Amino acid sequence: MQVKTLKSLFEIHKETALFGRYVNGKSIAPLLKDLSKNFKIEQVGISVNRLPIHTIVFGKGKKKILMWSQMHGNESTTTKAIFDMLNVFYSNDLAVKHIFEQCTICIIPILNPDGAKMYTRLNANNMDLNRDAQDLTQPESLVLRKVFKEFKPDFCYNLHGQRTIFSAGRENKSATISFLAPAQDVDRKITKTRQKAMEVIVAMNENLQQQIPNQVGIYDDAFNLNCVGDTFQVENIPTILFEAGHYANDYDREVVREFIFQSLLVSLNYVATNTVTGLHHESYFNIPQNEKLFYDIIIRNAKGLDVAIQFIEKLEGDEVVFMPKIEKISNLSDFYAHREINANGYEVFSVGNAVLKVGDEIDFVAINNEKLMIKV
């Protein structure tokens, strides 16, 4: 699919009811009702706090793709992109008719509705669902496992979001999107199943490099059988991890949302129009590994030292706010920032001329008697 086509589809079909970082079951309930006119919507389970978990199924092809989003409740960008994509299929746009004919797609839009409501990574039992693939102690984990066994997918898409700390390689390039073909064993051997996942990632990366060159990364592939992606990969189902990352000044992740949307369509198009054998996977290894080299803000040359600030996400009402927190005071010449401030050798204070300390949460800093807002 051409970039021009993808951008046009996003502009036409973007789901305007969803915006920003806070997306939960209440947000998507009316959307599910509307989609039920054309798609099969089914409640397949409940969360710890008895909130509903749904699947959305559409298409009539033999190639089966299973997707799930918000396994971590505060990772909502991929959920927005899912509903943008669903609008395209709902409209019967000719650009995706072949995907509908060749594929059957099953989506769990919010696997962790309790975490989504509270805007937390964990579920209501303070469990990380992505470390529960073997023990299956949580109702949400059991739902995913049940859907996986009954749907019998040919591909799995594990949809997540990652923090602003990641770079694509060791360069001053933010990891706007990251992918991974998870390992199947502790030796991280390049198996045929992994190669198939890698081949699809290559197709998505080729599209993204035209728009965000050098801002695509590969997530750490250390093997952990307790992780869902690793478990499904071990069962020889090609599984792809999607990580929605950071784009300049895009803390609401509305720009990144479009890149995830495009990646979903590019991948489905590739699966629909190709027999994925894994033979075309080699370019996967040209994508740089993620590194943790970014802070949200670095104040440089603050009387000989640098001040690193990281935003802490907090839910206030129905809005996620970003609270600046002093993360480190040191020589940070080996790190990058999404915003840099030059203190020009002056000491940096919080408002009221208090000395900055690691752990302080502040909205403003004072440099040479000038007050600067550092909040998003």
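**The largest pocket**

I looked up which elements line the largest pocket: β5 (155-161), α8, β9 (239-244), β10 (290-292), β12 (305-316) and β13 (319-330) each supply at least two residues. β12 gives the most, with 4 residues. Helices (H or I, at least four residues) and strands (E, at least two) are DSSP runs, numbered from the N terminus.

I noted the source: this is a predicted model, where local features need pLDDT of at least 70 and side-chain atom pairs count only at pLDDT 80 or more, while totals for chains, interfaces and linings use all residues. Residues are numbered from 1 along each chain as its sequence is written, and side-chain values use heavy atoms, with hydrogens and water left out.

The largest pocket holds about 1100 Å³ of space. It is lined by 45 residues, and the closest to its centre are Glu75, Arg121, Gly161, Gln162 and Tyr219. I wrote down the rule: on a 1 Å grid over the protein atoms alone, a pocket is an open set of points with protein on both sides within 12 Å along at least five of seven lines, a cavity is a set where a 1.4 Å probe fits but cannot get out, and lining residues have an atom within 4 Å of a point. Grid points are joined across faces, edges and corners, and a volume is the space filled by probe spheres set on the points.

**The cavity**

How many cavities of 30 Å³ or more are there? I get 1 cavity by this rule. The largest cavity has a volume of about 70 Å³. Its lining is Leu129, Ala133, Leu136, Ser141, Leu144, Arg145, Val228, Thr231 and Phe232. α6 (139-151) and α8 (228-234) each supply at least two of the lining residues.

**Salt bridges**

I count a salt bridge when a side-chain nitrogen of Lys or Arg is within 4 Å of a carboxyl oxygen of Asp or Glu. The structure holds 21 of them.

I checked Lys60 and Glu101, whose side chains meet in a salt bridge at 3.6 Å, N to O. The pair links distant parts of the chain, 41 residues apart: Lys60 is in the loop between β2 (52-59) and β3 (63-69), and Glu101 is in helix α4 (residues 97-102). Lys60 is exposed at 58% relative accessible area. Glu101 is partly exposed at 34%. The cut-offs are under 20% for buried, over 50% for exposed and partly exposed in between (1.4 Å probe, protein chains only).

Next I took Glu150 and Lys146, which form a salt bridge at 3.3 Å, N to O. Both lie in helix α6, 4 residues apart, about one turn of the helix. Glu150 is exposed at 53%, and Lys146 is partly exposed at 42%. I also found one network, in which salt bridges with shared partners join Lys14, Lys80, Asp84, Glu254 and Arg257.

**Single residues**

Is Ser263 buried or exposed? Ser263 counts as buried because its relative accessible area is 0%. Ser263 sits in helix α9 (residues 254-273). Beyond its neighbours within four places in sequence, Ser263 is in contact (heavy atoms within 4.5 Å) with Phe179, Met204, Leu208 and Phe242.

Val358 lies in the loop between β16 (354-355) and β17 (364-367). Val358 is exposed, at 54%.
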